[in-house]
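Biologist: I am new to this structure. Please pick one part, look at it closely, and take me from there to its surroundings.

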Amino acid sequence: MAKQTFQGRPVVPGAIEGEATVSSKPLNPTASYGENIFGGNTESAPCTDPDNEELVGKDLAGIILCTPQTVGSSMGGGAFMLVADLGLAPKAILFSGHIDAVGAAGILMADIWQEKPIICVDLLGEAFQEAVKTGDPISVKEDGTVEVG
């Protein structure tokens with residue numbers, strides 16, 4: 001795959017390189033981090049959302065997650081804060097669409113209140129979501145530029 005570049009809006013700026021983990025479905029933080037929120041798991045962050053076949057069972061700790069958006073209850077922001085506090089949050093979350101208010105609240109509070117940033121870029125576009133595949137090399141720049149490939 002040839003390298004492709006996308007420009008998004010940095011919500012929590014940062015620079016990182018790694019491999020993409022992709023979900024074509026929106027992420028439900030509360031359902032995805034159920035084992036951490038309700039089960040007391042402090043060692044890993046296995047996705048527990050049975051409605052997300054692409055992620056269920058995968059460890060979400062330390063990944064670069066690419067997803068269209070987040071969905072779910074108002075508890076989603078707290079889920080991001082909890083896994084950030086445990087050191088089990090994704091390193092980065094890249095949204096093809098707009099970040100929602102609940103997801104933004106949790107990601108921003110983890111950064112500001114807990115000083116545990118989750119790099120976050122939104123508005124990368126449909127072309128980004130269609131281009132990126134799990135395992136692709138990915139590079140995120142502070143200005144919201146994302147390179148895939």
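Modeller: Contact here means heavy atoms within 4.5 Å. The model is predicted: local features need pLDDT of at least 70 and side-chain atom pairs count only at pLDDT 80 or more, while totals for chains, interfaces and linings use all residues. Residues are numbered from 1 along each chain as its sequence is written, and side-chain values use heavy atoms, with hydrogens and water left out.

Start with Thr30, in helix H1 (residues 29-32); helices (H or I, at least four residues) and strands (E, at least two) are DSSP runs, numbered from the N terminus. Thr30 is buried at 14% relative accessible area, where buried means under 20%, exposed over 50%, and partly exposed in between (1.4 Å probe, protein chains only). Beyond its neighbours within four places in sequence, Thr30 contacts Ile37, Phe38, Ser73, Met75, Gly76 and Ala79.

Elsewhere, an open sheet of 8 strands runs in the order E1-E8-E7-E3-E4-E5-E6-E2, with mixed pairing; two strands pair if DSSP finds at least two bridges between them. E1 (4-7) and E2 (9-12) are the edge strands, each with a single partner, so one side of each lacks a neighbour in the sheet.

Salt bridges (a side-chain nitrogen of Lys or Arg within 4 Å of a carboxyl oxygen of Asp or Glu) number 4 in the structure. One of them joins Arg9 to Asp122, with the closest N and O atoms 2.6 Å apart. Arg9 is in strand E2 and Asp122 in strand E6, 113 residues apart. Arg9 is partly exposed at 38% relative accessibility, whereas Asp122 is buried at 0%.
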